[in-house]
Structure formats: C-alpha cells, structure tokens
Number of protein chains: 2
Amino acid sequence: MEKRKITIIGAGMMGSALAFPAAENGHEVHIVGTCLDDEIIDGYLKTGKHEKFCRPFPENVSFHYFKEWEQVVEGSDFVIGGVSSFGVDWFLEEILTRLDPKIPVLSVTKGLRATDDGSLLSYPGYWMSELAKRGIVRDICAIGGPCTSYELVFMDPTEVGFCGKDNEALRMMKQAMQRPYYHISLTNDVIGLESAVALKNAYAMAVTLAVGLNIRWHGEEEPQHYNSQAGTFTQAVRETHALMLMQGGEFESECIGLGDLYVTIFSGRTRRCGVLMGKGLNYDQVTEALAGITLESLVITRIMGNAIRRKAELGLVDLRDFPLLMHIVDILDHGKSDSDIPWEAFTFEHLK
Amino acid sequence: MEKRKITIIGAGMMGSALAFPAAENGHEVHIVGTCLDDEIIDGYLKTGKHEKFCRPFPENVSFHYFKEWEQVVEGSDFVIGGVSSFGVDWFLEEILTRLDPKIPVLSVTKGLRATDDGSLLSYPGYWMSELAKRGIVRDICAIGGPCTSYELVFMDPTEVGFCGKDNEALRMMKQAMQRPYYHISLTNDVIGLESAVALKNAYAMAVTLAVGLNIRWHGEEEPQHYNSQAGTFTQAVRETHALMLMQGGEFESECIGLGDLYVTIFSGRTRRCGVLMGKGLNYDQVTEALAGITLESLVITRIMGNAIRRKAELGLVDLRDFPLLMHIVDILDHGKSDSDIPWEAFTFEHLK
C-alpha cells in the first residue's frame with residue numbers, strides 16, 4: 001500500500017479514534033488539536049493515550065498543538081476534519097479557507113445546517129457553498145455510519161460510508177483507512193448520508209425516552225421493557241423515511257442511518273438525554289444534569305424541529321407526518337411537561 | 001362499547017396474553033387450549049395465572065380444554081388463532097375447516113409457508129387457498145408487530161398492525177382489542193406485514209450473532225459492543241427491503257417489521273439462538289442447548305433460506321443481495337463452522 005501522510009484536525013474522541021486504522025495501515029498520522037484542545041494534546045504527548053480508549057495510539061501517530069497546524073498539514077495526502085458540530089464555522093474560517101484546495105478533506109462532524117426556508121444542508125454542502133462565495137472551489141468528503149470511537153479503537157467490526165463527489169479521493173481515502181475491522185462503502189449521496197446520520201440523534205432520544213418513561217413509572221430497578229422502545233423505533237423508521245424523501249437522499253444511506261440510530265440508542269450522551277427527558281426532566285434540567293458534556297444531539301434536534309416547522313408553514317410538509325419528532329421538540333423547546341409518548345398519533349388505517 | 005364474545009384458540013404465551021386487552025374492555029373472553037395444551041389449561045384453572053405473566057388473568061376470562069372447543073366457540077364475534085407455527089396445519093384441519101365461515105378469525109401465528117417455486121405465502125394466504133380448495137370461502141386476518149406477550153401483560157405501551165381484506169371485521173376487532181397500552185393500525189397489506197414480521201426472525205439471529213462473536217472472542221464478562229451489532233442491523237435493513245420488494249409488501253409494513261426486529265433482538269429464544277451460533281455452536285448444538293424450547297426462528301430462517309435459493313436458481317433473485325441471510329443459513333443448514341460475519345460483502349460502491 002502506498003504510504004500516505006494523513007493529518008487529523010480536532011483531537012476529540014472520533015477524530016482521535018480514526019488515527020488507529022490510519023496508523024495501522026502504516027501511514028504517517030498527525031493529530032492536530034483545535035484551539036480548544038491544548039490540554040488534550042498535553043495529555044497525548046505525556047501518555048500516548050486517550051483515557052477512554054482501551055489502548056495507546058500506535059507509534060506512528062504524532063500529536064501537535066493548533067498553532068503548528070499549517071506546518072504539519074503541508075504535504076498531507078488528505079485531512080480528516082474531526083471537529084464537533086459546534087466547531088463547524090471555526091473549521092470553515094480557520095482551516096478550510098486556508099487549506100490548499102488540492103488536499104482532500106474527509107469530515108467526520110455530524111449534523112445539519114438549516115437555512116431560512118427550512119432547508120437542511122449537510123456540512124460539506126454548507127462549507128462548499130461558503131467557500132465558493134470566497135472563490136475557493138473544493139470538494140469535501142464525509143464519513144457517516146454507526147461507529148462509536150471507543151469501539152473502533154477496540155476493533156469491534158464496524159461498517160461506515162464515505163460520501164463525496166470526488167470518486168478518486170474517496171477511493172484513495174478508503175484504501176488508506178480500511179482495516180479488517182473497519183469496512184467502508186463509497187457513495188456520491190452526500191446529502192442523503194449526512195441527513196440520515198444527523199436525523200438519528202433526534203430519534204435515538206425518542207426511543208430512549210421510552211426507557212426513561214419506564215423508569216419513571218416503575219422505578220430504577222425495573223428491567224427494561226422493549227415493546228415501547230420498539231414502538232418508537234417503528235415510528236422513527238417511518239419518520240426517517242419521510243425526512244429522507246424530503247432531503248432527496250437514497251435508500252442505501254437511510255439503511256446506514258438506521259444502523260447509526262441503533263448504535264446511538266445504546267451508547268453515550270444521546271441515550272442519557274432521552275432517558276432523563278423520559279424521567280420527566282425538561283430542557284434546562286437535562287442540560288444541567290449533563291453539565292460539561294457537549295449536547296450535540298439536543299442542538300441537532302432543535303435545528304431539525306425548527307426546519308420542519310418552517311417547511312410546514314410554507315406548506316411543504318405536514319407536521320402530522322412527524323409526531324415523534326415534534327413530541328421531542330415540544331419537550332425540549334416548548335417546555336411540554338408531559339413526556340408520555342403520543343402513541344395513537346403513530347397508528348394508521350390503510351384500507352381500500 | 002358493544003360487548004363481544006371472543007374465543008382464543010391456543011393457550012401459548014401470545015394467545016393467552018391477548019386475553020388481557022380483550023377482557024379489560026369488558027368482553028366475554030374464552031381461552032381454549034389446543035390438543036397439546038391440556039396441562040396449561042389445568043394450570044390456568046387452578047391458579048388463574050400464567051407463570052411468566054406478572055399478573056393473573058382478569059375475571060372475565062375463562063379456560064377450556066380442546067375437547068370443548070366447538071361448544072365454546074359458538075356465537076363468538078371473532079376467534080383469535082394463537083397456535084405456534086408448528087400448529088399451522090393442525091389449525092387448518094381441526095379448526096378452520098370446521099369453524100362457521102361467518103365468524104372472523106384473527107391469527108397471531110408468525111411465519112411463512114414456501115411453495116416449490118420459492119414463493120413465500122403468508123399463513124392467512126396459505127389457509128385461505130387451502131380452504132378454497134375445499135369450497136370454504138373466508139377471510140383470515142392477522143396481527144403483526146413488535147409485541148412480546150409478557151410485556152403486553154405488563155402494559156408496556158405496544159404498537160401493532162392488524163391486517164386482512166375484510167375492513168369491517170378489522171375495525172370491529174380493533175375496537176374490541178385496543179387499550180391505552182395497545183395501539184393498533186389497520187392495513188390490507190397482508191403479505192407485506194406477515195412477511196416483514198417473519199423475516200425479522202432470521203435477522204434478529206444475525207444481529208445477535210454479533211453479540212455471540214463478541215463473547216467468543218473476549219469472554220463472557222466483556223460488555224456488549226454495538227458497532228458490530230449496528231453493522232449487521234444496517235445490513236438487515238437492506239436485505240429486509242430487498243425481500244419486501246420481492247414479496248410485494250408496502251413500506252408501512254416494513255417499518256413495523258423493523259420495530260419487530262428491534263424487539264426480537266432483545267428478548268427470548270431468537271436472541272439465545274443467535275448468541276449461541278456466534279459463540280461457535282452449530283445447528284445440532286444449538287437445538288441441544290435449547291432443548292425443549294420451540295425453535296420457530298430456526299424453522300422460519302430455514303424456510304426463507306431455501307426459498308431464496310430456489311428463487312436464485314430460477315434467476316429471480318441474486319444471492320449476493322442477501323449475504324447476511326445466506327451466512328445464517330449456511331451456519332444452520334450447511335454446517336459452516338466459521339460464524340464470523342462476511343463484513344466486506346455488505347459494503348458497496350455507489351459512484352457515478
């Protein structure tokens with residue numbers, strides 16, 4: 001395999017985890033922190049490890065503070081963008097406007113950006129249109145799919161998609177990154193894949209809301225019940241499909257999004273949010289309980305909710321097609337205190 | 001609400017559980033055991049309870065041995081068929097050929113019946129065609145969706161679909177059965193709903209295979225890893241879609257089937273089968289380990305596998321579209337000893 005130089009910008013868990021498959025393939029890998037990551041880089045330089053990962057970084061990964069990024073990135077075969085959704089504009093201003101447009105970028109940031117008419121843009125789409133306004137023409141590729149960082153590092157077998165418009169760059173990045181535990185599909189359906197893996201945040205909260213409601217009604221010791229989780233899951237599949245049709249995404253991407261929904265239900269912060277909401281906490285109480293943790297899912301859900309409402313005002317969608325999303329948004333943003341799920345709104349009568 | 005007489009034939013867990021919503025709506029409910037259920041009926045008569053249910057039957061449920069079925073069923077507004085998939089022909093011969101065709105039937109038996117050309121019939125479709133050969137014309141409705149019996153009894157909120165061609169009967173049965181915890185959609189898409197909820201058996205084994213593989217590689221104490229489960233889930237969504245297209249089912253039914261997949265992954269015998277296969281047991285060892293337990297999922301998976309192979313021989317499908325199903329079938333029926341998942345077969349390149 002041709003040896004590549006790969007620079008990861010952003011030392012969060014996901015960006016850092018991607019150093020493993022890259023380095024294991026023998027490439028020269030650099031992790032550069034953002035302006036907020038100096039402490040993380042301190043730790044990496046000191047220990048060679050992320051505290052939440054089960055093993056240290058391979059030896060051919062090196063670590064750099066943000067101030068060094070322009071020297072480090074020089075000569076890279078591609079850059080992996082590993083900022084959080086709160087860093088999207090920072091990444092645009094500080095990195096993308098300055099980076100040689102010939103160096104391909106693969107972004108792992110999940111989310112969507114809304115416009116005034118309720119359209120939901122992918123981050124690659126948003127970045128490319130902003131760059132175009134400044135006369136910079138480049139493609140930006142992205143990763144989507146069910147992949148938690150610590151399990152990737154653990155080498156639990158993982159399937160993801162890389163999306164973009166530049167087939168040659170996609171194939172080069174796949175070849176550089178694929179491992180016996182990291183399996184990569186390639187697609188041009190950027191808006192579809194990026195939409196599917198953003199939407200799952202809202203629906204993972206919705207399914208885990210059923211977990212929280214169970215605890216609220218039956219106590220912390222009650223074993224989990226799955227009929228109610230499966231009922232919300234069914235509705236999540238239905239609404240995801242409607243949203244994907246709205247976004248013009250392909251079914252292949254929808255499948256990856258549903259796998260991502262599955263993994264998100266069982267791990268991390270989004271699950272905690274949903275469970276807390278089910279237990280009866282409102283937005284302020286949830287954010288307080290999760291103090292210090294990045295609430296990307298809440299932000300993405302709010303953006304989606306506002307966009308769908310705007311589309312409904314414009315007569316482009318019917319809110320009755322999204323009762324589960326609207327229920328979550330009403331709890332989060334409109335202080336709806338009853339988190340019980342609107343089950344009957346999910347039923348239908350399809351009779352001729 | 002109009003008071004109904006409802007007779008449930010089959011005293012297994014699912015048939016018995018449906019007595020709860022029916023009886024709570026004030027109807028006169030009779031559970032009649034099959035010829036194999038005499039001991040269960042003994043227990044019900046003695047204790048008024050199923051040992052695996054959290055509460056006793058309501059007072060307006062009565063219990064009967066099979067020999068009494070023809071007297072009991074007389075005057076029923078509808079009959080619920082609660083036999084297992086092994087009782088499909090018994091139900092045809094003993095009940096359906098003798099039952100007044102004016103009494104609607106709602107079946108809760110899950111599965112599919114294959115024909116020589118690899119077509120997969122729903123049980124209602126199979127029964128109706130067999131009855132037609134004997135000059136008996138009747139519609140048979142069915143229940144599909146994510147609903148485990150003990151959680152229904154626990155009143156965990158549950159969403160299901162009733163399917164059939166007789167709209168009036170469907171609406172009557174929905175009105176009789178719906179409860180604040182039991183939510184019912186109605187559809188004419190019998191083949192779609194029945195296919196979706198049968199297919200999930202094979203795919204629930206496939207997803208839980210990833211659980212078993214994890215245990216095999218890392219030991220019983222290892223916490224669950226979800227990337228690999230989500231990767232198989234993604235592929236399950238993809239293959240379910242292809243199978244539903246083949247069956248001519250509607251997307252609404254597919255959504256219910258995916259909810260049913262979700263609930264099946266987390267409960268009961270199908271999960272145990274998948275985990276054991278992942279741990280390296282072959283078909284004989286799995287059936288031995290589960291001795292005494294009805295292995296409906298294994299049977300349904302085998303039927304599906306054979307049908308798909310037959311369709312492939314006839315040039316009607318491409319086996320490469322079903323690598324996950326074929327992997328499960330190869331372990332079960334062809335003694336494939338390596339249960340590791342064919343991850344690369346799930347990847348795709350959709351580039352223009």
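This is a predicted model: local features need pLDDT of at least 70, side-chain atom pairs count only at pLDDT 80 or more; totals for chains, interfaces and linings use all residues.
User: Which strands form the open sheet that includes S11(A), and in what order do they stand?

Analyst: Two strands pair if DSSP finds at least two bridges between them; the strands (E, at least two residues) and helices (H or I, at least four residues) are DSSP runs, numbered from the N terminus. In this case nine strands make up an open sheet, in the order S11(A)-S10(B)-S9(B)-S8(B)-S5(B)-S4(B)-S1(B)-S2(B)-S3(B), and the pairing is mixed. Strand S11 (349–350) of chain A and strand S3 (61–64) of chain B stand at the edges, each with a single partner strand, so one side of each has no neighbour in the sheet.

User: How many bridges join strand S5 of chain B to strand S8 of chain B?

Analyst: Strand S5 (residues 105–107) and strand S8 (residues 140–144) of chain B run parallel and are joined by three bridges. Within S8(B), Ala142(B) is the residue opposite Ser107(B).

User: What is the order of the open sheet that contains S11(B)?

Analyst: This sheet of nine strands has the order S3(A)-S2(A)-S1(A)-S4(A)-S5(A)-S8(A)-S9(A)-S10(A)-S11(B), again with mixed pairing. Its edge strands, strand S3 (61–64) of chain A and strand S11 (349–350) of chain B, each pair on one side only. Strand S1 (residues 5–9) and strand S4 (residues 78–81) of chain A run parallel over four bridges, and Thr7(A) faces Val79(A) in S4(A).

User: How is burial read along a strand, and why is strand S9 of chain A described as largely enclosed?

Analyst: In a regular strand the side chains alternate between the two faces of the sheet. A residue is buried under 20% relative accessible area, exposed over 50% and partly exposed in between (1.4 Å probe, protein chains only). Six of the six residues of strand S9 (residues 158–163) of chain A are buried, so the strand is largely enclosed by the rest of the structure. One side carries Thr158(A), Val160(A) and Phe162(A), the other Glu159(A), Gly161(A) and Cys163(A), and both faces are covered.

User: Which strands pair with S9(A)?

Analyst: Strand S8 (residues 140–144) of chain A is antiparallel to S9(A), with three bridges; Gly144(A) stands opposite Gly161(A). Strand S10 (residues 182–187) of chain A pairs with S9(A) in the parallel sense over six bridges, and Ile184(A) is the bridge partner of Val160(A). From S9(A) the chain passes through helix H8 (residues 167–177) to S10(A) in a right-handed β-α-β crossover (with the strands pointing away from the viewer, the path from the first strand over the helix to the second runs clockwise).

User: How are aromatic pairs read, and how many does the structure hold?

Analyst: A pair of aromatic rings is described by the distance of the centres and the angle of the planes. Rings of Phe, Tyr and Trp (its six-membered ring) pair if their centres lie within 6.5 Å; planes under 30 degrees apart count as stacked, over 60 as edge-to-face and the rest as tilted. The structure holds 34 such pairs over all chains. Tyr262(A) and Phe233(B) have ring centres 4.8 Å apart and planes at 20°, so they are stacked. This pair crosses between chains, from helix H11 (residues 251–265) of chain A to helix H10 (residues 226–247) of chain B. Tyr262(A) is buried at 0% relative accessibility, and Phe233(B) is buried with a relative accessible area of 0%. A tilted pair joins Tyr123(B) and Trp127(B), at 6.0 Å centre to centre and 35° between the planes. These two residues lie four apart in helix H6 (residues 123–133) of chain B, about one turn of the helix.

User: Where does Arg113(A) lie relative to Tyr126(A)?

Analyst: A charge sits over a ring if NZ of Lys or CZ of Arg is within 6 Å of the ring centre and within 35 degrees of the ring normal. Arg113(A) lies over the face of Tyr126(A), 4.2 Å from the ring centre; Arg113(B) lies over the face of Tyr126(B), at 4.3 Å.

User: How many residues of helix H15 of chain B are buried?

Analyst: Nine of the 11 residues of helix H15 (residues 323–333) of chain B are buried, and the helix is mostly covered. Among the buried residues are Leu324(B), His327(B) and Ile331(B). The buried residues pack against helix H9 (190–218), H10, helix H12 (268–278), helix H13 (283–289) and helix H14 (296–313) of chain B, where contact means heavy atoms within 4.5 Å. After H15(B) comes Gly335(B), with a positive phi near 65°.

Conventions: Residues are numbered from 1 along each chain as its sequence is written. Chains are lettered from A and ligands numbered from 1 in the order in which they are written. Side-chain values use heavy atoms; hydrogens and water are left out.
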